[in-house]
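Subject: Structure handover

Hello,

Here is the structure I promised to pass on. My notes follow below it.

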Amino acid sequence: MSFPAAGPGPPEPPYSSEYSSSPFVVTARPPKFSSRKWLHALLLLTTILTTTWAGYYHYAEFASDFGRRQVVYDWNLVLHGFWYSGTLLAILGAHEMGHYLYCRRYNVDATPPYFIPVPALIFWTGTLGAVIKIREPFPTRRVLFDIGVAGP
């Protein structure tokens with residue numbers, strides 16, 4: 001007595017080599033903690049510009065007593081905009097760097113912070129914040145907890 005075949009068999013592993021006929025091709029994964037540094041720098045510089053513009057605008061409104069008197073727009077207001085920008089981005093950067101540095105400590109692959117710029121006319125702070133991208137699962141709950149708590 002013979003039994004019919006159960007099926008095509010186990011699936012092939014999802015990789016390809018010169019000796020394999022598998023249709024799946026997996027590209028090489030970038031090394032841990034590698035990222036496009038130019039993108040992070042570009043987003044940071046753009047966010048500095050948008051938050052400086054927001055600070056400039058906020059301080060001009062404050063100096064004009066919210067439209068009750070005329071204000072001369074000059075470079076002094078831009079310096080106040082830089083104070084606003086520096087303070088805001090230091091808070092956001094410190095928060096995200098806490099997460100990132102603990103990812104490095106526990107060897108969990110993550111990107112440096114992405115600062116998200118937005119025109120000050122659309123969103124009054126000039127930024128939507130900052131995020132990091134964690135590219136692999138957390139090995140344990142303790143690591144997840146430590147990385148999550150490290151930001152605040």
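Start with the buried face of helix α2, which packs against α1 (37-63), β1 (114-117), β2 and α3. Contact here means heavy atoms within 4.5 Å. Helices (H or I, at least four residues) and strands (E, at least two) are DSSP runs, numbered from the N terminus.

Please keep in mind that this is a predicted model: local features need pLDDT of at least 70, side-chain atom pairs count only at pLDDT 80 or more, and totals for chains, interfaces and linings use all residues. Residues are numbered from 1 along each chain as its sequence is written, and side-chain values use heavy atoms, with hydrogens and water left out.

Helix α2

The buried residues of α2 include L77, V78, G81, S85 and L89. Further along, G93, E96, G98, H99, Y100 and C103 are also among them. Buried means under 20% relative accessible area, exposed over 50%, and partly exposed in between (1.4 Å probe, protein chains only). Just after α2, N107 takes a positive phi of about 60 degrees.

Salt bridges

There are two in the structure. The criterion is a side-chain nitrogen of Lys or Arg within 4 Å of a carboxyl oxygen of Asp or Glu.

R135 meets D109 at 3.4 Å, N to O. This pair links distant parts of the chain: R135 sits in the loop between β2 and α3, D109 in the loop between α2 and β1, 26 residues apart. D109 is buried, at 3% relative accessible area. R135 is partly exposed, at 27%.

D146 meets R142 at 3.5 Å, N to O. Both lie in helix α3, four residues apart, about one turn of the helix. D146 is buried at 16%, whereas R142 is exposed at 60%.

K133

K133 is in the loop between β2 (127-131) and α3 (141-150). Not counting residues up to four places away in sequence, K133 touches D109, A110, T111 and Y114.

Aromatic pairs

The structure holds four. Rings of Phe, Tyr and Trp (its six-membered ring) pair if their centres lie within 6.5 Å; planes under 30 degrees apart count as stacked, over 60 as edge-to-face and the rest as tilted.

Y57 and W124 are stacked, because their ring centres are 5.8 Å apart and their planes at 20 degrees. Y57 lies in α1 and W124 in the loop between β1 and β2, so the pair ties together parts that are 67 residues apart in sequence. Y57 is partly exposed at 32%, and W124 is partly exposed at 47%.

Y59 and F62 form a tilted pair: 6.1 Å centre to centre, 45 degrees between the planes. Both lie in α1, three residues apart. Y59 is partly exposed at 29%, whereas F62 is exposed at 53%.

Surface patch

I116, I122, F123, L128 and V131 make a nonpolar surface patch of about 460 Å². I122 is in the loop between β1 and β2 and is exposed, at 64% relative accessibility.

Best wishes

Technical notes:
Patch = residues over 30% accessible without salt bridge, like charges linked within 9 Å, V, L, I, M, F, W, Y side chains within 5 Å. Areas by Shrake-Rupley, 256 points an atom, 1.4 Å probe, with all protein chains shown as cover.
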